Amino acid sequence: MAKLWCFLCIVTFFQLPKNVISKRELVPTPPLPILPLPSFSQLKWQQRELIMFLHFGVNTFTDSEWGTGHENPAIFNPVGLDANQWVDTAAAAGVSLMILTAKHHDGFCLWPSKYTHHSVASSPWKNGHGDVVRELVNAAKNHGGVDVGLYLSPWDRHDRRYGHDLPYNEYYLAQLQELLNKYGNVKEIWFDGAKGSNAPNMSYYFSDWFAMVKEFQSSINIFSDAGPDVRWVGNENGFAGTTSWSTINRTSLSIGNGSIVDYLNTGDPKGTDWLPAECDVSIRKGWFWHKSESPKKLSQLLDIYYNSAGRNCVLLLNVPPNSTGLISYADVQRLKQFKEAIDTIFASNLAEKCLIKVSSQRGGKDGGFGAENVIDSDHLWTYWVPRDEEKEGSWIEIRCNESIRFNVIRIQEAIALGQRIKRHEINVDGKKVAKGTTVGYKRLHKLEKKQVVYGKIVRIKFLESRGVPLISSIGLHYDPF
C-alpha cells in the first residue's frame with residue numbers, strides 16, 4: 001500500500017500543469033549577498049543619517065571641556081532645564097536619536113547613581129531629587145519618534161577606584177547595569193578611549209562591558225573605536241574618507257589607538273566585519289556650552305553633511321545645552337536653517353522627470369530588478385541589478401527631454417546585500433563631471449559652484465565592483481546654498 005501511495009504522489013507531481021512550473025522558473029532570484037552584512041539594528045542606525053550628541057554636566061558651569069573630577073556638585077544647578085525643549089529641537093531638525101553624556105571624564109553622574117555621591121543627588125538642582133537621564137528618556141517617550149542613547153566615560157577623574165583595575169571595572173559595570181536597567185530601551189551606547197596623558201594606568205575590561213550591554217539589551221548598537229556595531233571615523237571634524245567602507249577587520253582595531261585613525265576613516269574592502277563609521281563633530285568649537293562661542297555657519301554644516309552622511313556615514317552632531325538647561329536660541333535657529341536647507345536640496349529629484357536607461361537588467365524586462373527601482377521611494381529593498389557578466393562597466397543613464405540644472409548627484413547601494421562598488425564616474429552629455437570610489441548607503445557628489453551643470457544625458461558608470469552592483473536609488477538635485 002505504501003509503495004502504491006508513493007507511486008500516486010509521483011504521478012500527481014508530474015501531472016502538474018506546465019504553466020505553474022514555468023512561471024516559477026521565470027521569476028529571477030536576487031543575487032547572492034556579499035559578506036559581511038549589516039544587522040537589523042545597524043541598518044536602522046544607518047537610515048537615521050543624522051543623530052545628536054548632548055554634552056552636558058559640571059563643565060557646562062565651569063567653562064571647561066575636561067573637568068578635573070574635583071568639582072563641587074553644588075555648581076550644577078540648571079534651573080530652567082527642559083528636556084522637552086531638547087527633544088523638540090532635535091525632532092524639528094530631523095534627528096531621531098539623542099545621545100546624552102550620562103557621565104563625562106569628571107565622573108559627575110547626571111543620574112542619582114547609588115554607587116557614588118558625585119552626582120545630581122548631591123546638587124541643589126531640584127533639591128537633590130533631579131535626574132537628567134530620566135528627564136530626557138521621558139521627554140523622548142512623550143514625543144515619540146525620538147530614541148535615546150547614552151555615553152558613560154571610561155575615564156573617571158573623580159572616583160578613587162580609578163587606576164585599580166578590578167574595583168574600578170566592577171564600579172563601571174555596576175553603573176552600566178543601572179543605566180540599562182532603569183531607563184528603558186537604549187538604542188546606542190557610546191564608549192571611547194579618551195584619557196589624559198597623566199592619567200593613572202588603567203585596563204578597561206571592554207569585552208566584559210560589551211557582553212553585559214548585549215545581555216541587557218540585545219538590539220543596542222555599541223559604538224567605540226573597535227565597534228562591535230559602530231566605529232569612530234577617526235577624527236572629530238565630521239569628515240569621512242573619500243573612500244568609505246562599512247567593512248573592516250575588527251582584529252586590527254583597538255580602543256584609544258591613535259595609529260589606526262586612517263584605517264578607521266576609510267574602512268577595508270576586504271574587511272570581515274560590518275562596522276560602519278559615525279562622524280562626530282560639534283555645532284560649536286567646543287563640546288560643552290561656552291558663552292563665548294557661536295554655532296558654525298550654515299555653509300560649514302552643509303559641508304560637514306556632504307562629507308559624512310554623503311560619504312556612507314551617520315553624522316553625530318553635538319548640540320550642548322547651556323547653563324540654564326536649554327539648547328541656546330542661536331543653536332536652535334541654526335539647526336532650523338540646516339534642516340530647511342537639506343529639505344530644499346533633496347525634496348525634489350530631477351531624475352524622476354526623465355527616462356532611466358540601464359546597460360542591462362537581471363532577469364530581463366519583467367524580472368523585478370529594472371531601472372524603475374532607482375527612482376522609487378524605497379532606498380533599501382528595491383534595486384537595479386545588471387546581468388552577472390556586467391560586474392564591471394555597467395551603467396545607469398538619465399535621459400531628459402530638455403536640459404536640466406543640478407549640482408548634486410546622489411547614488412545609493414542596496415547595502416542589505418553587502419557593500420560592493422569600488423570605483424565609479426559620472427558624465428554629463430559625454431563630459432566627466434565627477435568620479436569616486438565607494439558608494440555604500442549614500443554617496444553625494446557636490447559639484448563646485450562653477451560646476452553647476454546644465455545637461456540632458458547623465459551617465460553613472462560603475463567601473464569596478466565586488467560582484468554585480470545593486471543600486472537602490474539615484475538622484476539629481478540642486479543646492480542653491
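Trainee: Is strand 18 mostly covered or exposed, and how many of its residues are buried?
Mentor: Strand 18, residues 471–477, is mostly covered, with seven of its seven residues buried, where buried means under 20% relative accessible area, exposed over 50% and partly exposed in between, using a 1.4 Å probe and protein chains only. Strands here are DSSP runs of E with at least two residues, and helices are runs of H or I with at least four, both numbered from the N terminus.

Trainee: What kind of model is this, and which residues count?
Mentor: This is a predicted model, in which local features need pLDDT of at least 70 and side-chain atom pairs count only at pLDDT 80 or more, while totals for chains, interfaces and linings use all residues. Residues are numbered from 1 along each chain as its sequence is written, and side-chain values use heavy atoms, leaving out hydrogens and water.

Trainee: What is the mean pLDDT, and where does it stay under 50?
Mentor: The chain has a mean pLDDT of 94, and 95% of its residues reach 70 or more, on a scale of the predictor's confidence in each residue from 0 to 100. Over residues 1–16, however, pLDDT stays under 50, and the model has zero contacts there beyond four places in sequence, a contact being heavy atoms within 4.5 Å. Where pLDDT is low, the predicted coordinates should not be read in detail.

Trainee: Back to strand 18, which strand pairs with it?
Mentor: Strand 13, residues 408–413, pairs with strand 18 in the antiparallel sense over six bridges, and one of the bridge partners is Ile471 in strand 18, which faces Glu413 in that pairing. Two strands are said to pair if DSSP finds at least two bridges between them.

Trainee: New topic: how many strands close into the barrel, and in what order?
Mentor: Eight strands close into a barrel in the order 1-2-3-4-5-6-9-10, with parallel pairing.

Trainee: What caps its N-terminal end, and what follows the helix?
Mentor: Asp82 caps the N-terminal end of helix 5, with a side-chain oxygen 3.0 Å from the backbone nitrogen of Asn84, and Gly94, whose phi is positive, near 85 degrees, follows the helix.

How values were computed. Polar contact = N/O pair within 3.5 Å; in protein donor to acceptor, adjacent residues only side chain to side chain.
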